Amino acid sequence: MIQSTAGVDVAGPDIPEEYLDGYAGILAAAAATGRRLTREELESRRVLGERAADAGLGLRALVRAHLAATRAYWPAAGAASVDSVLAAAGQAVDALAEGYERAQRLAVRQEEAARREFIDDLLHGRSDLGLLAERAERFGLRLSYEHAVAVAQGASGYEEGDTVAREVERALIGRFGGRSILVTTKDGRLVCIAPGDQREVLTFFAKRAYAATDGGRVVIGRPQPGPGGVVQSYEEALGGLDLAARLELDGPVLHAADLLVYPVLTRDRQAMADLVVHTLGPLRQARGGAQPLIDTLAAFFDAGCVAAEAARRLSLSVRALTYRLDRIHKLTGASPADPMHRYTLQTAVIGARLLDWPGKQF
């Protein structure tokens with residue numbers, strides 16, 4: 001530790017003497033003439049501040065040590081005015097704090113970059129799974145367990161550190177503490193990763209994300225085991241968002257497990273395309289094309305085949321809706337009122353939505 005000529009401990013027990021190196025000489029030289037510290041002197045204080053931050057020393061303790069050194073090394077009476085000494089000390093401490101804060105900002109940026117890289121690797125499975133599992137522990141995840149992923153999409157995109165992302169993360173931490181939860185953003189969406197046996201976490205995330213995104217949509221993937229399970233659950237959630245948009249599914253919160261039938265229907269794309277064209281193709285003969293009648297069928301099925309409810313959803317009278325259903329029957333030969341025909345028509349309507357028909361021809 002640095003000591004004054006009187007043998008008084010200057011740096012104190014928490015600050016090694018190297019972090020006051022050269023301060024006595026700078027103080028004496030600057031205070032003697034009342035000049036400002038030179039560029040080199042200021043930079044030397046900034047460097048020491050950076051080194052102190054990197055070493056984990058506290059800024060308050062560092063400032064206290066410099067104030068103690070200022071008192072211990074105060075120039076002899078008549079050698080300098082009080083204002084000169086205090087001005088020189090103030091410049092030195094200010095430069096020290098600047099260097100300290102500069103090192104902290106760099107450390108934060110490096111931590112953010114490491115976190116971003118980990119999240120990208122985790123959600124895309126681009127890293128060795130063993131190394132990925134080791135890195136995950138740094139961020140509170142144990143990838144040997146099951147994990148599930150929820151993805152929220154709003155009207156606008158969200159980035160790491162945005163107000164919306166911070167708000168949702170604070171709410172989760174405040175409610176569940178350190179339960180191995182990771183909240184982040186990816187491609188403008190909010191993402192929450194949680195242990196697979198803690199569905200209450202993802203349910204809470206869905207509610208908060210829905211509110212924070214002003215009515216966005218959230219899909220919760222199925223729990224999947226192992227390091228690669230996060231990727232699988234994340235991709236399921238993304239696929240669910242795409243399906244929900246294509247099919248205009250009701251409900252702000254959907255579960256990938258409830259949407260499994262739709263990928264099955266489109267697994268044989270050519271067969272589905274044949275069904276759509278064969279069943280709904282004749283609707284193209286209608287005035288205005290096929291789309292209005294397809295929308296009518298979709299509303300009818302979504303309403304549980306209740307004509308009054310379907311008419312309300314389409315802003316039509318029940319009579320106008322009935323006319324459209326009769327027109328569909330005449331053009332296609334399939335009646336929505338017949339159970340067998342109804343199944344074929346509903347499957348074809350789902351296929352048309354998934355394949356973006358008749359907008360895309362095939």
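**Sheet, packing helices and cysteines**

An open sheet is formed by 5 strands in the order 2-3-1-4-5, with mixed pairing. The model is predicted.

**Strand pairing**

- Strand 1 (residues 147-153) pairs with strand 3 (residues 189-195) in the antiparallel sense, and 6 bridges join the two.
- Ala 152 has Leu 190, in strand 3, as its bridge partner.

**Helices on the sheet**

- Helix 6 (residues 163-176) lies across strand 2 and strand 3.
- The direction of helix 6 is at about 20 degrees to strand 3.
- Helix 8 (residues 229-247) also packs on the sheet, where it touches strand 1, strand 2, strand 3, strand 4 (217-220) and strand 5.
- Relative to strand 1, the direction of helix 8 makes an angle of about 35 degrees.

**Cysteines**

- The structure holds 0 disulfides; a disulfide would be a covalent bond between the sulfur atoms of two cysteines.
- Cys 192 counts as buried because its relative accessibility is 0%, and the cut-off for buried is under 20%.
- Cys 305 has a relative accessible area of 28% and is therefore partly exposed, as this class lies between the buried limit of under 20% and the exposed limit of over 50%.

Terms used
Residues are numbered from 1 along each chain as its sequence is written. This is a predicted model: local features need pLDDT of at least 70, side-chain atom pairs count only at pLDDT 80 or more; totals for chains, interfaces and linings use all residues. Side-chain values use heavy atoms; hydrogens and water are left out. Two strands pair if DSSP finds at least two bridges between them. Helices (H or I, at least four residues) and strands (E, at least two) are DSSP runs, numbered from the N terminus. Contact means heavy atoms within 4.5 Å. Axes are lines fitted to C-alpha atoms, for helices over the stretch in contact, and angles run from 0 to 180 degrees between N-to-C directions. A disulfide is a pair of cysteine sulfur atoms within 2.5 Å. Buried means under 20% relative accessible area, exposed over 50%, partly exposed in between (1.4 Å probe, protein chains only).
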